[in-house]
Amino acid sequence: MRTKKTATVLSAALLLLLQLCTPAALALDQDVPPKNDVPPPNDVPPPPKPVNNTPLDVALTQFALNLEYLEAEFFLFAAYGYGLDVKAPQLTGGGPPPYGAQKANLDPVANDIVGQMGLQEVGHIRVIRSSIGPAAFPRPQLDISKASFAKAVDNALNTTLDPPFDPYANSINYFLASYIIPYVGLTGYVGANPQLTGTAAKKLVAGLLGVEAGQDAIIRTWLYERKDQKVDPYGVTVAEVTDVISKLRNNLDYEGLLAVNKGPVPYVTDDEGLTVPQYLGAEQSTTGNILSADADSLSYPRTPEQILPIIYNSGSPYVPGGFYPLGARGRIAEQYHKYGGDT
Ligand SMILES: *[C@@H]1O[C@H](CO)[C@@H](O)[C@H](O)[C@H]1NC(C)=O
């Protein structure tokens, strides 16, 4: 066996040598001028010149800060029982602590996962704040109370659950509540990307998108493994709850566009639960839907005008509520509603 193998290796090496010595290879060799006369290569592109961020770049990045604050507080509190005020108080910019934040009753693996995601959001807030400088606003008032999530789930199921849905009661409820959040940020980054001009803004948003998409995938995979389990005590399955939450977000972002455009708007599906009719699955070939994506399996984009009505749970960027009782902050959000102003 050994001899045979050695022979094979030897003949392969010989073959290679022969190929290198073919007339073509030799001719190519002769085309190369002597070393001393080699001119500096002029077909190597120069390093790309950095392009400055535009005001729109800053506004879009600033808009994302609203969502990063929400994720940071929700994940950090759930895993550690404290949030930014303890972990990174300088990043709050003096904004008020969230309403109703608390430790979640998570199993050890879930707690570990959620804790890591919370810490990732700290970095996101730090880098966004430093990249937009004076456009960085303080943490907005957030409402991540049980009641806030219960209302969203009631809205999704078109019912009033009794007892009310408690996002902090157990790992399944917490991951279902988490299903509501990073996916919205992800679609926002996909939507913002083609609008960006500056090199730094593009780099930042690509980096943020990568990790948000990763978080969404972790949450969805965790839930997918439990998709047929019942959400106690309501008798509906995990997959069914994700489906109605996605349907609700499809409706809310459509209503938001209607409110802003004041004219006909096509209804688009940009949000899909863990199981779908086959025509929505990857290559229309599966009802399993581990990721929410379009016909080419690309992530769906959303504009701020589609995101605000979802995170306000109101169907309108003009009407704050939901996770942002005083509204979101920054140039884009405050075009529709001044933070803390009258509704
Ligand atoms: C929600 O429930 C109400 C009352 O049961 C019903 O009339 C309404 O059609 C439902 N809405 C949707 C969107 O299913």
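Author: Happy to. Let us start with R220, which touches L274, I290 and L291, leaving aside residues up to four places away in sequence. Please keep in mind throughout that this is a predicted model. R220 sits in helix α9, which covers residues 199-224. Is R220 buried or exposed? R220 is buried, because 23 other C-beta atoms lie within 10 Å, and the cut-off for calling a residue buried is 20 or more. The chain also brings S292 to this place: the C-alpha atoms of R220 and S292 are 9.4 Å apart, although 72 residues separate the two along the chain.

That kind of link can be set beside a figure for the whole chain. Among contacts between residues at least 6 apart in sequence, 68% join residues at least 24 apart. As for burial, 41% of the 343 residues of the protein chain count as buried. The chain has 12 helices and two strands. Read from the N terminus, the order of the elements is α-α-α-α-α-α-α-α-α-β-β-α-α-α.

The largest one holds 75 residues, and within it A78 and I311 touch the most other members. Helix α3, residues 55-80, gives the most to this core, with 15 residues.

Y174 takes us on to helix α7, where Y174 is among the buried residues. Why is α7 described as largely enclosed by the rest of the structure? Seven of the nine residues of this helix (171-179) are buried, so the rest of the structure largely encloses α7.

Now back to α3, to see how it packs against helix α8 (residues 182-192). The axes of α3 and α8 come within 10 Å and cross at roughly 170°. An angle over 145 degrees counts as roughly antiparallel, and α3 and α8 are therefore roughly antiparallel to each other. The crossing of α3 past α8 is left-handed. On the α3 side, the residues that meet α8 are L60, A64, L67 and E71. Their partners in α8 are P182, V184, G185, G188, Y189 and A192.

Another helix pair has a quite separate geometry to look at. Helix α6 (residues 146-157) and helix α10 (residues 238-261) have axes that come within 8 Å and cross at roughly 90°. That makes α6 roughly perpendicular to α10. N155, A156 and L157 of α6 make the contact with V244, I245 and L248 of α10.

N158 counts as exposed because it has 9 C-beta neighbours inside 10 Å, and the limit for exposed is 12 or fewer. P163 is in the loop between α6 and α7 as well, joined to D162 by a cis peptide bond with omega of about 0°.

A cis peptide bond also joins D232 and P233, with omega of about -5°. P233 lies in the loop between β1 (230-231) and β2 (236-237). E283, in the loop between α10 and α11 (304-311), has a positive phi near 50° in a residue other than glycine. E283 counts as exposed, because it has 9 C-beta neighbours inside 10 Å.

Finally, a word on confidence. The protein chain averages a pLDDT of 90, and 88% of the residues score at least 70. Over residues 13-30, however, the pLDDT is below 50, and this stretch has two contacts in the model beyond near neighbours in sequence.

Notes: Residues numbered from 1 in each chain as written. Predicted model: local features only at pLDDT ≥ 70, side-chain atom pairs only at ≥ 80, totals over all residues. Core = buried A, V, L, I, M, F, W, Y, C linked by C-beta atoms within 7 Å. Helix = DSSP H or I, 4+ residues; strand = E, 2+ residues; numbered from the N terminus. pLDDT = per-residue confidence, 0-100. Contact = placed C-beta atoms within 7 Å. Axes fitted to C-alpha atoms, helices over the stretch in contact; angles between N-to-C directions. Parallel < 35°, antiparallel > 145°, perpendicular 65-115°, else oblique. Left-handed = near helix turned anticlockwise from the far one by under 90°.
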